[in-house]
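This report describes an aromatic cluster and a charged residue in one structure. The sequence and model are shown first.

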Amino acid sequence: MPPSSSGDELSYDSIAWELSHGDGFSVDYGNAEFRRPYDQAQAAADDPTVFHISDTSSGPITYRPPVFPAVFSLTNRLAGRQFYLIRIFNALCMSATAGLVAWFLFREFGQLPVLVVIILWLADVRTRLYARAILTEPLALLLINLSAVAVTRSVEGRFLVPQLFVFYALAVAGVHAVAKPMRNHGVESH
């Protein structure tokens, strides 16, 4: 099934579609080939408004972060027009994040905090939403946690070559900056 036609998912899908066809970082909601999965899903849906795309905007955009659409574009180039690979990628990002958090908490505080976090993680509907939705949050969450691990490992002096931490931290911060802009974390990045 295609992603929701309302909200951010549609624009990420369109950007990835345009990137995979060499048309740059842009959207084209009027492209008949792009719309085909949405039109088919809309025809089969009980509610015809579910997959309706009312916007026919097209052209370059600058208000979406580029890393996630680039990954999504790669999945389109590898397997054709589909939505399962990017959803698997997001599920893996969420799983890796959960693993990192559990590992860190277990190492620092033992089993009880890990069990509490697992219960909260499973109870929070956003965990399931972000694992299946075509959004930037899973990748951004993973990068934030990788940064946290890098900082704590460096402070503890556990990097094999401490100078490599600087390059690693800068690389993760740089990728995170283009994966999820600061304005989405409550800080405007204009």
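Ring pairs join Tyr12, Phe68 and Phe72 into a cluster. The model is predicted, so that local features need pLDDT of at least 70 and side-chain atom pairs pLDDT 80 or more, while totals for chains, interfaces and linings use all residues. Residues are numbered from 1 along each chain as its sequence is written, and side-chain values use heavy atoms, without hydrogens and water.

Four aromatic pairs are found in the whole structure; rings of Phe, Tyr and Trp (its six-membered ring) pair if their centres lie within 6.5 Å, and planes under 30 degrees apart count as stacked, over 60 as edge-to-face and the rest as tilted. Two of these pairs are listed below.

| Pair | Centre to centre | Angle between planes | Geometry |
|---|---|---|---|
| Tyr12 and Phe68 | 5.6 Å | 85° | edge-to-face |
| Phe68 and Phe72 | 6.4 Å | 45° | tilted |

Tyr12 belongs to helix α1 (residues 8-20) and Phe68 to helix α3 (residues 67-79), 56 residues apart; helices are DSSP runs of H or I with at least four residues, numbered from the N terminus. Phe68 and Phe72 are separated by about one helical turn because they are four residues apart in helix α3.

Tyr12 is buried, at 2% relative accessible area, where buried means under 20% (1.4 Å probe, protein chains only). Phe68 is buried at 0%, and Phe72 is likewise buried at 0%.

Arg64 lies over the face of Tyr12, 5.3 Å from the ring centre; this requires CZ of Arg within 6 Å of the ring centre and within 35 degrees of the ring normal.

Key
Helix = DSSP H or I, 4+ residues; strand = E, 2+ residues; numbered from the N terminus. Buried < 20%, exposed > 50% of the residue type's maximum accessible area, 1.4 Å probe, protein only.
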